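Subject: Structure handover and findings

Hello,

Here is the structure for your files. My notes on what turned up follow below it.

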Amino acid sequence: SNALKLLSEKCADYSGIEERTLFKAFEQREKIDSTGFGGGTAIPHAKLDLEKPFIAIMRFKEPVDWKSIDGQPVKLVIALVMPKGDKDNTHLKVISSLSRKLADEEFIQQLTIKESRDDLYKFIIGKMEENVG
């Protein structure tokens, strides 16, 4: 989809990983089932040959169709790119922690009102660190 393409482009700029590689990995994951799991949010994820995981956060001005579970278009995307050798399945822990948070309306509201990228990033990382310990 266009949204995945855009996401892959942005992640490529940031990470130095090829856009094509990212797109393929995200797309393969979406084929299993949609990572759009309601409330206007999606958590696409990919496992690639890299040393360090990274998280990308993207907000769309116009909501996009993500074939979400609840049929709602997606406004907010939190993409996780994890190393292939993720023995502890950290990405699953992160995803379940995020999905719990995303079920919390107050959390979602905070995400939509944070104006700057830095604020948004710090907020999400802070919330996730509360859960991972």
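Helices (H or I, at least four residues) and strands (E, at least two) are DSSP runs, numbered from the N terminus. The model is predicted: local features need pLDDT of at least 70, side-chain atom pairs count only at pLDDT 80 or more, and totals for chains, interfaces and linings use all residues. Residues are numbered from 1 along each chain as its sequence is written, and side-chain values use heavy atoms, with hydrogens and water left out.

Loops first. Lys67 sits in the loop between S3 and strand S4 (74–83). Its phi is near 50°, a positive value in a residue other than glycine. Lys67 is exposed, at 65% relative accessible area. The cut-offs: buried is under 20% relative accessible area, exposed is over 50%, and partly exposed is in between (1.4 Å probe, protein chains only).

Ser34 belongs to the loop between helix H2 (19–32) and strand S1 (41–42). Its relative accessibility is 18%, so Ser34 counts as buried. A polar atom of the Ser34 side chain lies 3.0 Å from the backbone oxygen of Lys67. The backbone nitrogen of Gly36 also lies 3.0 Å from a polar atom of that Ser34 side chain.

Next, helix H3. Buried in H3 are His91, Val94, Ile95, Ser97, Leu98, Lys101 and Leu102. Seen down the axis, these buried residues fall within an arc of 165°, so they line one face of H3. The arc is taken over the directions from the helix axis to the C-beta atoms. Lys93 and Arg100 are exposed on the other side of H3.

Last, the largest pocket. A pocket here is an open set of points on a 1 Å grid over the protein atoms alone, where a 1.4 Å probe fits, with protein on both sides within 12 Å along at least five of seven lines; lining residues have an atom within 4 Å of a point. The volume is about 550 Å³, counted as the space filled by probe spheres set on the points. Of the 13 lining residues, Lys10, Ala56, Ile57, Met58 and Arg117 are the closest to the centre. Helix H1 (2–15), strand S3 (54–64) and helix H5 (117–132) each supply at least two lining residues. S3 gives the largest share, 5 residues. The lining divides into 9 nonpolar, no polar and 4 charged.

Best wishes

Definitions and conventions. Nonpolar A, V, L, I, M, F, W, Y, C, P; charged D, E, K, R; others polar. Polar contact = N/O pair within 3.5 Å; in protein donor to acceptor, adjacent residues only side chain to side chain.
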